[in-house]
Amino acid sequence: MTISLTHQIPAPAVEPDSLSVWPASARTAPGGDLTVAGVSLTEAADRFGTPLYLLDEAELRTRCRTYTAAFPEADIVYAAKAFLCRAVADWVHQEGLGLDVCSAGELELAVTTGFPPEHIVLHGNAKSPEDLRAAIRLRVGRIVIDNTTEIARLATQVPAGHRQKVLLRVVPGVAAGGHQAVRTGTEGQKFGVSIADGSAQHAVEKILGQHQLELVGLHCHIGSQVTTVKPYLAALRRMIGLMARIRDQHGVVLPQLDLGGGHAVAYRPGEPVLDITALAARVSGELAAGCRRNGLPVPRLTLEPGRAIIGPAGVALYRVLTVKQTGGRTLVAVDGGMSDNPRPALYGVRYAPRLVGRATTAGPSPVTVVGRYCEAGDVLAEDVPLPEDVRPGDLLAVPVAGAYQLSMASRYNMVGRPPVVAVTDGRARMLVRRESLADMRLRDVGL
Ligand code: LLP
C-alpha cells in the first residue's frame, strides 16, 4: 500500500521587496544595487559578464552546520547532483559532510580534489561499468545497490581480500515530493526494490550470499522538495519494520539506515520550507521508539541533502536584452534561460527575479521573463512583478539558483554554459569559467 502524503504548495503571499529567500548576507545598497557576501551584484556582472552564477560560500557552510548541529550522531552526505565543482567538494568536506555521487564523473572530480573516498556514497539505478570500476578502484565507502541485477555484477568486481560495504535501496511506498518527476518513494518508478512485493527481502538474501559484499544497511529516498516531516516518519517506520524482518529471517542486525535527502527550500517568499531542526527531533524520536518496539539497536543514520545545502546559496544574474509588449503581456527577454535553468520548463517551478543596479520609482507591473533560446517554452518566470520601466540593459537577479540549475545545464543553441563565482567576505573569485566557443568546437572532431 502506498501512503500518499503529497503536499500541495499554497500560493504564497509574495512581497516583492522581501529578501527572505536570499542568502542571509544579502543587503540592499545605494543606487538599487544589492550585495551578497559584501559583493555588489552590479560590479560582479560587469567584471564577469552575464549570465553569471554566484555562490555565497558562508551561506553554504552555515547550511552544512545546521545539519551537523541538528544531527550530531548522523552522517550528513551532500548530494553532489545538486551542483558540484572542486570548491564545493572542498567546502562540504571541511564542514564535516560526506558526499553522495551518482557517476564516475562526480566521483573522480571529488576524489581528485582530495575528498576522502571512504566518505563517499555511490548511487545509481543503472550504474555503468565505468561507474562501478571507478568506485572499486577509488575504494568508495559505500555503494547503494538499487536492483538485483547489479548484485553479482558488483560482487565480481571486488578485488580479493576486500569487502565492499553496500546499502540496499528500498521503496518504502510513501508518496512525497514537489513534482511527479521527483517522487521516488512509490512502486512503479525506476529506483529501488519494493518492500511490498518481497523484492527487498529477495535482494537482501542475494547480497548476504555474496561474501565480497558487506550489507551494512538500508537506504530510501522518498522524493525532492518535501515540505513536511510526516512522510519521512512514515518511511522510517517501514524501514524499521523491514530491518526487524531481516533480523528475524537472516539473523542479521543492520547497523546503518540512510533516509536520503529531499528537504524543501523556498524559491519565493512565503513558500514552505522543511524545518531541519524539527526533522531531526521527530526522526530521532521515531527511530528510538521504533527500534525499542522491535528490539533493535538504533542504527547510525545517514541523510543526503542536496538542494537545502546549496540552493539558497546561489544567485543567477542576467542582462535584459529586449522588452516586448504582445497580446496584452510584457515579455522581458534575458541573456540566459532554459539552457542554464531548465527547471521552470521541466517542473513548472516559479522563481522571484528582482531588478538590481538601478534605482527606480516606477511601480511594479506583471511581466514574463523569457530566455534567449529558440523555443517558445523558454520561460524563466511567468507573471512576476518587476518595475514598470524595466528596459534593455537592466540587470535581473534570481535567488535560490544554486541547485539543479547549472548541474542540469545544456549547451542548447551552442551557447556556452555560464561561469560560477564564489563570493566570500567582500571578495569574488572564479570557480568555474564560462564555456567558450573554443570549448565547444574542441569536441567536434569529424567531417
Ligand atoms: N539522495 C538521492 C538518492 C537522490 O536521488 C537525491 C535527489 C538526493 C539525495 C538529494 O535530493 P535533494 O535534497 O536535493 O532534494 N532536478 C530536480 C531534483 C532531482 C532530485 C534527484 N535526486 C529539481 O531540479 O528539482
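Are tyrosine 267 and tyrosine 351 buried or exposed? In this predicted model, tyrosine 267 is buried, as is tyrosine 351.

## Aromatic pairs

The count of aromatic pairs comes to two. One of them joins tyrosine 267 and tyrosine 351 in an edge-to-face arrangement, with 5.3 Å from centre to centre and 70 degrees between the planes. This pair connects distant parts of the chain, its members being 84 residues apart. Tyrosine 267 belongs to the loop between strand S14 (256–258) and helix H9 (276–294), whereas tyrosine 351 belongs to the loop between helix H11 (343–347) and strand S18 (354–356).

Tyrosine 373 and tyrosine 412 also form an aromatic pair, which is stacked, at 6.1 Å centre to centre and 25 degrees between the planes. Tyrosine 373 is in the loop between strand S19 (364–370) and strand S20 (379–387), and tyrosine 412 is in the loop between strand S21 (395–399) and strand S22 (420–424), so the pair ties together parts 39 residues apart in sequence.

Arginine 372 lies over the face of tyrosine 373, 5.8 Å from the ring centre.

## Helix H2

Helix H2 comprises 14 residues (residues 57–70), which at 1.5 Å a residue should span 20 Å; the end C-alpha atoms are 20 Å apart, in agreement with that expectation. At the start of H2, a side-chain oxygen of aspartate 56 comes to within 3.1 Å of the backbone nitrogen of alanine 58. The buried residues of H2 are Glu57, Glu59, Leu60, Arg61, Cys64 and Tyr67.

Definitions and conventions
Residues numbered from 1 in each chain as written. Predicted model: local features only at pLDDT ≥ 70, side-chain atom pairs only at ≥ 80, totals over all residues. Heavy atoms only, no water. Helix = DSSP H or I, 4+ residues; strand = E, 2+ residues; numbered from the N terminus. Expected span 1.5 Å × (residues − 1). Buried < 20%, exposed > 50% of the residue type's maximum accessible area, 1.4 Å probe, protein only. Polar contact = N/O pair within 3.5 Å; in protein donor to acceptor, adjacent residues only side chain to side chain. Phe/Tyr/Trp six-rings, centres within 6.5 Å; stacked < 30°, edge-to-face > 60°. Lys NZ or Arg CZ within 6 Å of the ring centre and 35° of its normal.
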